[in-house]
6 protein chains.
Amino acid sequence: MYYTDKKLQFPVRVEKPNPVFARALQQAIGGVEGEIRVALQYFFQAWGARGPTKYRDMLLNTATEELSHIEMLSTAVALNLENAPMSLKEQVSEDAVGGSVLNGMNFRHILSTGLAALPENSNGVPFNASHVYASGNLAADMMANVTAESSGRVLAVRLYNMTDDPGMKEMLSFLIARDTMHQQQWLAAIEDMGGLAASLPIPNSFPQEQEQQYVSYAFVNCFVEGIDPPEGRWSSGPSLDGKGEFSTVAGEPTGSEPVLAPPRPDSGAQHEQIRG
Amino acid sequence: MYYTDKKLQFPVRVEKPNPVFARALQQAIGGVEGEIRVALQYFFQAWGARGPTKYRDMLLNTATEELSHIEMLSTAVALNLENAPMSLKEQVSEDAVGGSVLNGMNFRHILSTGLAALPENSNGVPFNASHVYASGNLAADMMANVTAESSGRVLAVRLYNMTDDPGMKEMLSFLIARDTMHQQQWLAAIEDMGGLAASLPIPNSFPQEQEQQYVSYAFVNCFVEGIDPPEGRWSSGPSLDGKGEFSTVAGEPTGSEPVLAPPRPDSGAQHEQIRG
Amino acid sequence: MYYTDKKLQFPVRVEKPNPVFARALQQAIGGVEGEIRVALQYFFQAWGARGPTKYRDMLLNTATEELSHIEMLSTAVALNLENAPMSLKEQVSEDAVGGSVLNGMNFRHILSTGLAALPENSNGVPFNASHVYASGNLAADMMANVTAESSGRVLAVRLYNMTDDPGMKEMLSFLIARDTMHQQQWLAAIEDMGGLAASLPIPNSFPQEQEQQYVSYAFVNCFVEGIDPPEGRWSSGPSLDGKGEFSTVAGEPTGSEPVLAPPRPDSGAQHEQIRG
Amino acid sequence: MYYTDKKLQFPVRVEKPNPVFARALQQAIGGVEGEIRVALQYFFQAWGARGPTKYRDMLLNTATEELSHIEMLSTAVALNLENAPMSLKEQVSEDAVGGSVLNGMNFRHILSTGLAALPENSNGVPFNASHVYASGNLAADMMANVTAESSGRVLAVRLYNMTDDPGMKEMLSFLIARDTMHQQQWLAAIEDMGGLAASLPIPNSFPQEQEQQYVSYAFVNCFVEGIDPPEGRWSSGPSLDGKGEFSTVAGEPTGSEPVLAPPRPDSGAQHEQIRG
Amino acid sequence: MYYTDKKLQFPVRVEKPNPVFARALQQAIGGVEGEIRVALQYFFQAWGARGPTKYRDMLLNTATEELSHIEMLSTAVALNLENAPMSLKEQVSEDAVGGSVLNGMNFRHILSTGLAALPENSNGVPFNASHVYASGNLAADMMANVTAESSGRVLAVRLYNMTDDPGMKEMLSFLIARDTMHQQQWLAAIEDMGGLAASLPIPNSFPQEQEQQYVSYAFVNCFVEGIDPPEGRWSSGPSLDGKGEFSTVAGEPTGSEPVLAPPRPDSGAQHEQIRG
Amino acid sequence: MYYTDKKLQFPVRVEKPNPVFARALQQAIGGVEGEIRVALQYFFQAWGARGPTKYRDMLLNTATEELSHIEMLSTAVALNLENAPMSLKEQVSEDAVGGSVLNGMNFRHILSTGLAALPENSNGVPFNASHVYASGNLAADMMANVTAESSGRVLAVRLYNMTDDPGMKEMLSFLIARDTMHQQQWLAAIEDMGGLAASLPIPNSFPQEQEQQYVSYAFVNCFVEGIDPPEGRWSSGPSLDGKGEFSTVAGEPTGSEPVLAPPRPDSGAQHEQIRG
């Protein structure tokens, strides 16, 4: 069960409202790199967690924190929209960022919400919950969470660099710090389960002798003849899980051309296909 | 530029066609854990790659390989659909898996494709390209790729366990092995760039002194008073990037209740809101 | 069966075409507050209507009218696009609303339709038919329709305030008036079925003695200790259906922490989860 | 800021796990009538609330409660999935509900989550946040909320009637009761603002003399000549806001056929269109 | 403006209701091959039609007819759902099509509509209006319409073959006939504009001397060396527009490897990318 | 299996980067008229092809070529984004196309990709794979492909007219030429199967005596009485398949008003519906 105290986790202050920045902030709310996604992702991972309880507790904890981040960002959007142009006449008036601000806005900020945030990204595309990764495999989920916090921190840095409003920079510097910790936290959970090498390959409960092991540590080169494959840590030397040796092999088919049966007479195909 | 030789990368053989398994296989084609996603993801990462060329080459290479996997799976779907029931009369007939097979099918396999694969998941939801993560940050992208290959291998293992068709098991054991390598490969790219610790926090080009460092390595506990936060590698000891020390702190707001301006008179709100 | 006379229900006149307003108008065509939604919603409610015929007739009638509104708005979009900039050179030319008009346009108006309307919203997001609410419960549907007409009228008012084109203002003043009536109409249907109090709780055919009645009229306060819950008509006094008394109760769990079984050995989880 | 105590708001107990019912329950999680939608809807309404604070507080309160409902339902899904068939061999075994249970399942419960809930509906379609209605108009939002709770309660009743598991019936009887209150609560907010009649037409801040008042209270009959329009509370008598008188008028166009300019020469049209 | 007479264009009769066939019929309502799509497509083409009026009139006419088809199919769905199982107990009972019918149903037919049609496809995916093709080029649109009617007729034939209900077969035989005509009709419009050859390449208003004409009639072979390209009408002989000669050429790049600038210092990339 | 040589099929050169044109180019990548769509469409048609092999080979060939086009366009987007404004300060600076360029950009080009292409359209809507038409009927698919190449060429022409960058014009003149050929190619496949007349009606394997032939070649007029139906090639004379004679008939219902059963007592309807 959940509770709130109505206060913001960190102060949200906008010195000079900018409705175009309000649009940009939407990416951190409803974008695939955003906070609705991580909140729901951690919640669903927690609610479906099978195995040791402490990981579930950690997920539930941070899911709950992420709600506070959506709240901060939504407040920031609303504050950036104060004084936004709402008519095509206002559009021509002068303002700090120059040009016709209205053109750069999310029009639903005017037409659909009356100057408030939406669960959409910076282009106005609504959040789609298929981005909630909760696989039932803890290591896969931790990786998904590191990914989410990495792209999230990249995004927050870009927003930080986009604005020169001191209040906005301060809020973002808090969110950036939290993303730093959250990257750590999910990787630490893998450490806690024995470390990355021991976790690989994910899932580590599948008996590797049942996979086609001759390609388990081979880089398959799909460049046409005469073009060298890229070399690096992946092309030779021991694999990262200590269970194999990297190699590079030429991409070559071992299968033949596929053959499908002709269409059945009553399957809605053309005569010319059925007869062959 | 791209080329094909019309052959399958690995043989695809179905001993006993099962149209319900055809539906399940769709998850590996058009699901968020599937092959269209990784193919497009690696392609877009490659096409937008800025920085050292070898990573771009590696991405391009493996993107091209993933096309061959979509091809294998699509062929497997078509072969599993041979002999599928196409009418409500056939539906009642006996078959190996018992019960009414048609009920378990993707109806578009009958109605829309005439017994062939679709770019959809196992519930019939079409692939949505918002799942292509290509952030412009190489480490974030490598993490996204490890995630994709982890959830992909978990999925392939579940499909392997779902079927007892020897041909299908063989094909899946190949794809599982390739996922093993691809997990390695993206992690090896991070090693190649200096290792995980050096890559953190992602992006590592943002000056950390500009973030609110007092919460950069702190686990924020959002459990209500009286409930202990989870302890583990994340709650104390040095951080994984060697730049901080983990701690646990109580979740407490430092911000106040947000205050928004009242709606403007002509903004489509109710009188009662405008007057306050 | 349906018929048309090719004429517009109300004159659509644009004195000074504005392609940015064309984009804004799209919200009223393909937005969630728009006319495609209500047309389809009323049609599907009508086609699935079970019970007295007069409500079905009313729905069918107004669904048909809404088609005429999509037509008016689509015409208005096309007329606002006459003379729109179509190249990056034209973009720099002067125009009435100042600045670079092309930047504020829906690019598909140029690239995909050749200066005509689309079934999309003002940010270019296509209409998604999941917004068609047709529940099979007449009172729930009437409420959904009042909602649609309320958000629709709010939108129309905002569009009215956004433009100063006399023709557009006139067209919108017609649509606003129709929304006035349609709000009335759906509420009148509830009156016709016995009134709002008698309709509650929706569905009124479920025996209330089967619900956990101790929380049927209780406001559950989820503020943490020490913060007062909001007071108003909902916190005390008789309920609006006359069947209970409002109260405020503290949010408190009566359930315990959920316990799920550990993952099965062959379910694609990590060893560390399976072993506990 | 938000907090949790890890406990369920109400006990969730499943006596006889049924994976097909797990699929049905998904509608109440990720369906348009479900709990993710109301949680996000009330949150976004609260975070964007302009005007008197008490409505914002009420919204924030109930949004927070709805999180607890998603949690209950997600737990119920996971518990209903214990023992679910995960292979096509198991599919043939006998079970309480007869027939091939696997066919009736959400395949992602097996393939994507390892037997846990998803933010999807009962057909496997992911939640789409465009269903979050937060208009900036308090009365419109309250109507949207009554709608959400009405379709939500209809859904909960149908789920209650679908199952005969005593634990599930008990959980649903709690959710049904909460929906009863929430319908009341949002209507009570309208009472609190002066009552429904005073709120109409929504938005009530638009001067009605600017709308085409001759059709503000008129039912437009779109039946072809010779078919009677439906009669009821909406066809005559005073309007519900006391500001007009209902009437029925024949549907007749006052506009003419629309005339668009021919395509421009370089607009990608056919010669035959350009030349006329 | 639009009108209705409440009657069905063609009788809809169901002798033996089958809720699984109700699900299948949804493909013809809300599928990409379905009637909502063609209705909206023809409407938007008509409302945006620039050039000779007769094509607009034809489009408007047939768009209006398509509404009557959605109506027929929605009625057919509702009739097929009479007597459908609505609980997991009913699920086990015997019925004509064998097995557990409920497993094969669209669950929203039970949970969301109370046994009525939805604007969704046969897998429960809602219609998405991005499928409305209205390009502003009349020949392109006519081709899109022939495509829609072709896939529509293929679908109708498959539904016809799926059922043995005489009423359903009769209704489908009507829709199949209409699709026959509509294929003709759109092709006839091309004839009316001068014929297919004259219409090509679409758009025919672009001066072909501005295209890279050396590849305008060349089949580019992307098979690797040693595999023969397919031969047919497209590989030699005069082109279908009489403006060129078909040939087959080897796929060979004329461009070099693309080179992008390194990431900017403040762009959120990794140090290792920026430094090269 | 697939291979690459890392080179571009045709040189991609940008003389003066324009980030607004980068946004426009996205339509040709991830729009419904774009290259991802045709690549996937031809691949899925090929992988599911039943009947003569040469059509499958042709499809596979051109699908592979289309990958090279996505690659060219993605490179063009990245090159147009070099020097793009990334902060609200840069936004005010002067540039060739005038005004505030940032307002016209796809914000995800800044925030999500670090100045690279995305699988989205020009409004930022991600590609949705439901646009992949692969019907199992070869003629229907060829028509779908002509449609794709027609709308694709219309789009390419509009992009050509939008820019005055010589490099971009050159690249587009190549893509336009390829679209010319691809329109030819799919029509040539129909010629190869016996010609268009013989292919009609699609599917031509359904016995036409089973359709309601009295309306198979009749234009149904849905204009209300007194308005003339449009006349043209479709209203009289022999049909295009030589199997019938065109006529125009009045739109008239042969069905009656539909009658649905009242809701069942436990179906979640209102009492007032159930009682009638």
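**How the copies meet, and where the annotations fall**

Guide: In this predicted model, the contact between chain E and chain A takes 7 residues from chain E and 7 residues from chain A.

Visitor: What makes a residue part of that contact?

Guide: Contact means heavy atoms within 4.5 Å. By that cut-off, chain E and chain A give 7 residues each.

Visitor: How do you know what area is buried between chain E and chain A?

Guide: Buried area is the accessible area that two parts lose on being put together, summed over both. For chain E and chain A that comes to about 520 Å², with carbon and sulfur atoms giving 43% of it. On the side of chain E that touches chain A, the residues split into 2 nonpolar, 3 polar and 2 charged.

Visitor: How many salt bridges does the rule find across the interface of chain E and chain A?

Guide: The rule asks for a side-chain nitrogen of Lys or Arg within 4 Å of a carboxyl oxygen of Asp or Glu. Across this interface it finds 0 salt bridges. Polar contacts, with N or O atoms within 3.5 Å, do turn up: 4 residue pairs, both partners at pLDDT 80 or more.

Visitor: Why say that chain E and chain A meet through the same surface?

Guide: Because 100% of the interface residues of chain E are also interface residues in chain A.

Visitor: Why are chain C and chain D described as related by a two-fold rotation axis?

Guide: Chain C superposes on chain D by a rotation of 180 degrees, with 0.0 Å of shift along the axis and an RMSD of 0.0 Å. The two copies are therefore related as by a two-fold rotation axis. Here too, 100% of the interface residues of chain C are interface residues in chain D, so the copies meet through the same surface.

Visitor: What makes Glu35(A), His69(A), Glu149(A) and His182(A) a group?

Guide: An unreviewed UniProt entry annotates these four as "binding site". They span 148 residues of sequence yet cluster in space, with a largest C-alpha distance of 13.0 Å. Glu35(A) sits in helix H2, residues 35-47 of chain A.

Terms used
Residues numbered from 1 in each chain as written. Chains lettered and ligands numbered in written order. Predicted model: local features only at pLDDT ≥ 70, side-chain atom pairs only at ≥ 80, totals over all residues. Heavy atoms only, no water. Buried area = accessible area lost by both parts, 1.4 Å probe. Polar contact = N/O pair within 3.5 Å; in protein donor to acceptor, adjacent residues only side chain to side chain. Nonpolar A, V, L, I, M, F, W, Y, C, P; charged D, E, K, R; others polar. Least-squares fit on C-alpha atoms with pLDDT ≥ 70 in both. UniProt positions renumbered as here; feature names shortened; annotations may be inferred. Helix = DSSP H or I, 4+ residues; strand = E, 2+ residues; numbered from the N terminus.
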